[in-house]
Amino acid sequence: MMKLISCYVTGFGGLENFEYNFDEGLNVVLEDNGWGKTSFCVFIKSMFYGMEYKKNTKHLTERKHYIPWNGGVCGGNLVFDKDGKIYRIERTFGSRDKDDTFQLIDAATGKESEDYSENIGEEIFEVDRDSFEKSVFAPQAAMKTSMTDSLNAKIGDLSAAKDDMNNFDAAIAKIESAKKVYSQTGQVNPGKLLKVKEEISNCRETVETLPVKIEAYNLQRNLLKNKTERLQNLRDERGKIQEKIAIQSKREQEIGAIRAKQENLKTYKEELTSLDDFFANGIPDLEEILDIQEKQNSLHGINGRFETVLEQLPSKADEGKLNELFRNYEVTKEQLDAWDDISDRIKELRVQGEHNQMPEEEKKLLSELKYYFSKRVPTEEEISNATDQVTALVRADAELSVKEKRYHSLLAEKEIMDKTIEESEKGKGVALLFFLLGLVCIAAGVVFTFYIKDSLSPVLAGGFSVAGVILELFAFIHMFHKRTTHNTQRQSLDDRIDEALDELEESRLSREEILDYCKEFLNGYLVTPTENMQDMIREIQEKALTYKQLLKEEKKYDDQNSESLEELSELQLTLYTALSHYATVYNMDLYQDGNEVDLLHHLRHDYRTYNEYKENKKIKKDLKAQKEFLEEEIKSFLGRFSTIEGEENQLNGIEHNLRTYQRLNEQVEVLEKELEEKKEIAEIPEGETSIEQLQAMQQEMEAESDLLNEQLVRDNEELLRMSEEIESCEDAKERLAGLLEEAADYEGKIEIYNLAAKYLQKAKDNFLSKYMGPLRSGLRKYLSLIYKDEESELLSKNFSLDMDLKVHYNYNGNTKEEGFLSAGYQDLVAFCSRMALIDALYPEEKPILILDDPFTDLDKSKIDEALSLLKEISKERQILYFTCHESRMV
């Protein structure tokens, strides 16, 4: 006997953190739509049977439907009593079946129980999930039930034949599958018989067309012969026309040449008329045109020289500057040479003074070092201490690297140990082997104790039982010892890692102290940053020595420089006085800048430019006069003729027109003479066929010949195709006889498969009919509880069940299906047939009954009758009844 005690829903559909305590007998849950009544029903089913998982489906599965949308945990627990022992099922569900968890707890001890496995639903109710929904669990709008192989096996107590019952549909399916190889009629994958019949039909159709195809073949062959003869006739006619075209063509070529010359003569005379207008003011000589061309060339040269002279003349600003320099202050080349000599001597004296100075490189280096040691100059003791600290820092880095490697090595060792232990705990090979052997031995002991009765059974049963217990103990001891060893190894390695970490932190602190001292020393100088502090200390030390030596050299040069300044002063006074006017023009301060060399360089350059300027002004005047004379001569000549754009183009055009005029006169004279000689050549006689007409006839014949050739190719191909079709018809005639024998063979095989399926179904029906009596009696029993008057009693006896649990009733001698009843009567009868099925399934006990609002289609009178039946049933079993309306309340 089993009953539910309580449940807790962590999350399932719309239910969250929900708790419910079950009572004896009838448990009624009245809640509005959307509260979660169906979720509650499915939750109870899922606690026993889990939730199905289907891969790659687009349909809404039960798992997707009831997993909470907020991402919370899906699952809970269910407490129940089975034969006086209380258990608690704990399950959680993930998006896939491998994410699900299951645990069965013994409520008395609080420990995990092995009385039932994860398939606890099948083990307690002795039916699969589908059969559970067709018996004690009635989903909403699914009161009707039907027979399954699992229900057949349970009702008939057919434990030994269960596999045969479950495999009946598979056997029928295999027969149907084998039969479909021959009898399939679909277009996608037709059976062999259909293929053969289609081929027989095709062969018959092909054979029937044979006489027609032979007749068409003969007609096509005659047509091909006629077209070949016509093609030969066309070739002969084309040859004759070609001879006529050759004769006619020669005559027409002569006449065509005369016509062409007449056209050319007409064109030449028209061109001469146009040129007469052009030369209306007289026809020039060719020598006159050549003279004008020479003058044009001279004018181009003068224009080029004129432009060059203009480019060489200074700008207005430069011209003013040159006049300011030299118009009232003329200078000679000898004066410039003398001033250059004085400038060279001044430069020599200055160089002598510069040689007694410290080298620029040393000056620059001394300046940099003064900036480098602007804060302070280190002592030798400070540098020595800094060097020692850098050496200590290098040792600290090496020590820190060794300790870091040791620490990371221990971490890697721990990771490897964890993976090894994890793999070892996953692969429980030895323990699992002994555990399974122990189960086998215990099972063997049970078999010899209860099922095999002979003289050795007690001894074998005891031996196998003891061996099984010993093997189970060995498996648990082996697992416990392995787990203890792994924990000890982990603890030892963790202690070593902690010790290595402490040493590493101590070395880091010591290194930081040394590094702070070194940085503080180096921050006092503008040292070049490098990764090596020893190089930085060495740089400070070397620059300090160099700095002290350069300070001594600077003092030595300052004491030596005090000679040769008097001559330099006198020469500067003489030269600067002579150049004062030019310095003013150039805006130079000789006394301040000492740039007499630059001034003399500019002065010599401008002196040359001034002389060139005076010469170019004279040349410009001469070129301008020549240019104006030539332009007037050319303009006077070109004015006699029509305007052509550009003087050069105009002169070329005059020359071109003159030469054309002379050439056309010569050609006109020649053509008139030739035409006069050939005046008497005859024209083509009237009525004679022209070349164009002959060529048109020839083209028509060629087009017809091409068309006939194409038709002959197609007709030959068609004739070949017809020949192949006739051969195919002959082959089909031979193939037809074989196909008829093959079809008869396939039909015989289909008949054999039909008989096999028929006898299998008959055997099953005979086998199952033995236990249909209790089901029909149960149906009458529950109908009698609803309808207690005589008429209803008689009516109830007329209802019956078939082997698929479909309800039929007899009315006036005719058997009707339940579909003829109203929806309300159908639900009542379905409920009674389900109760009859439950009684047949569980004759010795009264399992729970879960009903999800089953009476929604009933009117008030039928609801009262159904609820009355529920009250009666609840006296013997626990019922969970869910509804959303008070009218259906018990």
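Analyst: Helices (H or I, at least four residues) and strands (E, at least two) are DSSP runs, numbered from the N terminus. This is a predicted model in which local features need pLDDT of at least 70, side-chain atom pairs count only at pLDDT 80 or more, and totals for chains, interfaces and linings use all residues. Residues are numbered from 1 along each chain as its sequence is written, and side-chain values use heavy atoms, with hydrogens and water left out. Tyr576 is found in helix 18 (residues 566-578).

User: Why is Tyr576 called buried?

Analyst: Buried means under 20% relative accessible area, exposed over 50%, and partly exposed in between (1.4 Å probe, protein chains only). Tyr576 has a relative accessible area of 3%, and is therefore buried.

User: Which residues does Tyr576 touch, not counting those up to four places away in sequence?

Analyst: Tyr576 touches Arg350, Leu590, Tyr591, Gly594 and Glu596, where contact means heavy atoms within 4.5 Å.

User: Why does Glu539 count as buried?

Analyst: Glu539 has a relative accessible area of 16%, so the residue is buried. Glu539 lies in helix 17 (residues 533-560), and, leaving aside neighbours within four places in sequence, is in contact with Tyr372, Val527 and Thr528.

User: What makes Ile452 partly exposed?

Analyst: Ile452 has 32% relative accessibility, and therefore counts as partly exposed. The place of Ile452 is in the loop between helix 15 and helix 16.
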